[in-house]
Amino acid sequence: MSLKSYSRGRAIHVMLVYTGGCNGCDIEIVNCILSPKFDAEQYKVFLTWNPREADVLVVTGPVTKHNEKPLREIYKAIPEPKAVVAAGACALMGGVYKNCHGDIPSEEIAGPVDQIIPVDAKVPGCAVRPQDIVAGLVSALPLLLNAD
Amino acid sequence: MDDNKQNRKVIEAEVPMGPVHPAALEPYRLRLFVEDEIVRDAEMTVGVNHRGVERIMEGLPVEKANSLTEKICGICSNSHIWNSCRTAEIALDIEVPERAIYIRIIMEELERLHSHMLYLAHGCEVLGHETFSMRLFYIRETVMDLLGMIGGNRVQYGSAVLGGVRPRCELDEMRLQKITEGMDLLEEKISAFADRFVSDPMVMSRITGVGLISQKDALRLACTGPTLRATGVANDLRTVMFEYDPFDFDVITQDDGDVKSQLLMRVFENFEAIKIIRQAVRDLPEGPITNRSWEMKDVPLTKSYIEVPRGTLYHSYALEDGRVRNCVIRTPSMANIGAMQYACIGHHITDAQLSIVQCDPCFTCTDRAIEIINI
């Protein structure tokens, strides 16, 4: 293990971007990192709101048209190596908001997250469970640690 | 407010924030017009989250539309599904069994507990005390476990269905026992937190006198829910809802209208919620939990108001061939936007975020199609 990946593994910073879901996944993710019950911070995973110091981008919600451009810019601002985790049914496939009435796509939604930025790990659930979030984050870690 | 903006006399600099900003959990756009670090005007723009739930609901069968309303908000999901079912029940004259009403109220008050606890945790994080915030998230887990036990999911539990509650949410002896134990634990933990919170001189000096909303302005800005009650107006829709008739509880009010009274307001409301849950568990009537003997008919526009953790929630729709038409949803956070803007004005720019958070914003609820008139 190189020095870079060793030091990276001691401080994984997670940035949460919220693109128009229902708040449920969002709070569960904050809960899973901050709350002493799940406490991802004991594994050196920290929550940040600054894209320039983030390693993992967690995206929740179906990306609304207004949120498409900010999401791309945030993705660009995160330094390499980076991993993207899409969390929740809305982020994976648009959830209940993707279509109105059968197959007619809703004009408010720009599509699931993987149509806008590349996604490395997907966490299903409506709303996602904190245990699944931790599993999803862990599954995305090799991308960061084996980067160089 | 508008005069300042048009004349550009006192406005020295503009601080734009958002839609995605480190200080704000949810996406919204905020423009602060500052003069020597004092906020002179604030403008909040929502609409980033607009997903058009009413549009998707249009023409759906009423049962499907009910379960869709739950996805409007992940914090007050039970309130939306309850009020949507309540609208249809009023329209179709469905008599809800008493046991189902009690179970709905237990869910609603559990939701009030977790929503208020989340509000306090968010508030403590914004004011810079992360230890309190973590502590509150830990206390909140007790409620989340109870909600997960009853509904099967920690966030979207979907307890209410047309004519009663889902069979999964039936409360047997073991569940009632667990709720009772949970309430004892919660009361102990929240009391300990409240003692620690009010005796902390650092926190008290940070929040006293910040984000003032006077009673007159709160009424003028049409605030609702705890935001209004914290300014001294005893306005609670639970006192007039027939579902809450058998329960004995107090309407909590605070006098000051600053961040301190807003935060303490939620602490005291938690105890009232615990009181209501205990009464409901003690007096839970026997009987069926769903009423399936109802017929679909065409109904003109029907409306329903209930009191949810953030204030007054309004749903209205008409029914045609069993399908939802002309749905309108008015959420409490939407009514509080004016107060959020107003509370920033005249305070230091570092208090602006705290002044907004004190009104308990939930921008997923807020993004409805609305017309704002100048007041």
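**Exercise 1. Describe how many helices and strands chain A has, in what pattern they follow one another, and how the extent of the chain compares with the globule rule.**

Solution. The secondary structure of chain A comes to five helices and seven strands, and it should be kept in mind from the start that this is a predicted model. Reading along the sequence, one finds these elements of chain A in the pattern α-β-α-β-β-β-α-β-α-β-β-α. The next step is the radius of gyration of chain A, which is 15 Å and close to the 15 Å that the globule rule gives for 148 residues, so chain A is as compact as a globular protein of that length. Finally, the C-alpha trace of chain A spans about 55 × 30 × 20 Å along its principal axes.

**Exercise 2. Decide how helix α2 of chain A is oriented relative to α5(A), and name the residues that make the contact.**

Solution. The axes of helix α2 (residues 24-34) of chain A and α5(A) come within 9 Å and cross at roughly 75°. Because angles of 65 to 115 degrees count as roughly perpendicular, α2(A) is roughly perpendicular to α5(A). On the side of α2(A), the contact is made by A:Glu28, A:Ile29, A:Asn31 and A:Cys32, while α5(A) brings A:Pro130, A:Ile133 and A:Val134. Sorted by class, the residues of this contact of α2(A) with α5(A) are five nonpolar, one polar and one charged.

**Exercise 3. Trace the open sheet of three strands in chain B, pairing by pairing.**

Solution. The strands of this sheet in chain B have the order β1-β2-β3, with antiparallel pairing. Its edge strands are β1 and β3 of chain B, each pairing on one side only, and neighbouring strands are turned by 20° against each other on average when direction is ignored.

Begin with strand β1 (residues 13-17) of chain B, which runs antiparallel to strand β2 (residues 29-35) of chain B and is joined to it by five bridges. Here B:Pro16 has B:Arg31 as its bridge partner in β2(B), and B:Met17 stands opposite B:Leu30.

Continue with β2(B) and strand β3 (residues 38-45) of chain B, which pair in the antiparallel sense over seven bridges. In this pairing B:Leu32 stands opposite B:Ala42 of β3(B). The two strands β2(B) and β3(B) form a hairpin with two residues between them, and B:Asp36 in the turn has a positive phi of about 50°.

**Exercise 4. Determine how α6(B) and α7(B) are oriented and what classes of residue form their contact.**

Solution. The axes of α6(B) and helix α7 (residues 173-198) of chain B come within 10 Å and cross at roughly 165°. Because angles over 145 degrees count as roughly antiparallel, α6(B) is roughly antiparallel to α7(B). The crossing in which α6(B) passes α7(B) is left-handed. Among the residues that meet are B:Phe132, B:Leu136 and B:Ile139 in α6(B) and B:Ile179, B:Leu186 and B:Phe193 in α7(B). By class, this contact of α6(B) with α7(B) has 13 nonpolar, two polar and four charged residues.

**Exercise 5. Characterise the side of chain B that touches chain A.**

Solution. In chain B, 31 residues are in contact with 30 residues of chain A. The elements that give two or more residues to this side of chain B are α2 (53-57) and α6 (130-151) of chain B, and α6(B) gives the most, with five residues. The residues on this side of chain B divide into 16 nonpolar, nine polar and six charged.

Methods:
Residues are numbered from 1 along each chain as its sequence is written. Chains are lettered from A and ligands numbered from 1 in the order in which they are written. This is a predicted model: local features need pLDDT of at least 70, side-chain atom pairs count only at pLDDT 80 or more; totals for chains, interfaces and linings use all residues. Two strands pair if DSSP finds at least two bridges between them. Helices (H or I, at least four residues) and strands (E, at least two) are DSSP runs, numbered from the N terminus. Two residues are in contact if their C-beta atoms, placed from the backbone, lie within 7 Å. Ala, Val, Leu, Ile, Met, Phe, Trp, Tyr, Cys and Pro count as nonpolar, Asp, Glu, Lys and Arg as charged, and the others, Gly among them, as polar. Axes are lines fitted to C-alpha atoms, for helices over the stretch in contact, and angles run from 0 to 180 degrees between N-to-C directions. Angles under 35 degrees count as roughly parallel, over 145 as roughly antiparallel, 65 to 115 as roughly perpendicular and the rest as oblique. A crossing is left-handed if the near helix is turned anticlockwise from the far one by less than a right angle, and right-handed if clockwise. The radius of gyration is taken over C-alpha atoms; the globule rule is 2.2 Å times the number of residues to the power 0.38.
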